Amino acid sequence: DETQKQLTGKKVLMYCTGGIRCERATALLNQMSTVSEQLKPQGVYHCRGGIERYVKTYPSGGFWKGKNYLFDKRMEQTPDVKDDTALGTN
């Protein structure tokens with residue numbers, strides 16, 4: 001209930017590493033909002049191709065700030081151009 005109230009009236013952006021989980025989560029949230037009176041987000045979007053595609057498309061990080069933590073040997077994903085602004089440490 002509390003999460004539904006927090007999402008109502010807001011734009012929601014889903015993102016994940018490769019894009020598949022966020023695509024499915026976006027579809028689920030859209031479906032849930034059609035059957036629930038308490039869940040009415042203004043829009044639900046996802047980062048197509050995930051953060052992996054985003055940082056490849058925008059090597060300086062684009063609007064992405066921070067690091068994407070991964071659960072494999074890479075441990076984290078950051079833009080190729082690792083300045084303080086792109087990492088959000090500025």
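How many salt bridges does the count come to? The count comes to one salt bridge. The points below start from there. The model is a predicted one.

1. **The salt bridge.** E52 and K56 form a salt bridge. Their closest N and O atoms lie 3.5 Å apart. That falls within the 4 Å limit for a side-chain nitrogen of Lys and a carboxyl oxygen of Glu, so the pair qualifies.

2. **Its setting.** E52 and K56 both sit in helix α3, residues 50-57. They are four residues apart, so about one helical turn separates them. E52 is partly exposed, at 25% relative accessible area. K56 is exposed, at 60%.

3. **Overall layout.** The chain holds four helices and four strands. Along the sequence, the pattern reads α-β-α-β-α-β-β-α. The chain has 90 residues, and 33% of them count as buried.

4. **The β-α-β unit.** β1, α2 and β2 form a right-handed β-α-β unit. Strand β2 covers residues 43-46, and its pairing with β1 is parallel, over four bridges.

5. **Main core.** The largest nonpolar core has seven residues: V12, M14, C16, C22, L29, L39 and V44. Two elements, β1 (11-14) and α2 (20-35), each give at least two residues to this core. As a general point, nonpolar side chains in soluble globular proteins tend to be buried together.

6. **Second core.** A separate core of five residues also exists, and C47, I51, Y54 and V55 are among its members.

7. **Contacts and surface.** Take the contacts between residues at least 6 apart in sequence: 47% of them join residues at least 24 apart. The accessible surface of the chain comes to about 6,700 Å². Carbon and sulfur atoms account for 53% of that surface.

Key. Residues numbered from 1 in each chain as written. Predicted model: local features only at pLDDT ≥ 70, side-chain atom pairs only at ≥ 80, totals over all residues. Heavy atoms only, no water. Core = buried A, V, L, I, M, F, W, Y, C linked by side-chain atoms within 4.5 Å. Buried < 20%, exposed > 50% of the residue type's maximum accessible area, 1.4 Å probe, protein only. Contact = heavy atoms within 4.5 Å. Areas by Shrake-Rupley, 256 points an atom, 1.4 Å probe, with all protein chains shown as cover. Pairing = 2+ DSSP bridges. Right-handed = clockwise from strand over helix to strand, strands pointing away.
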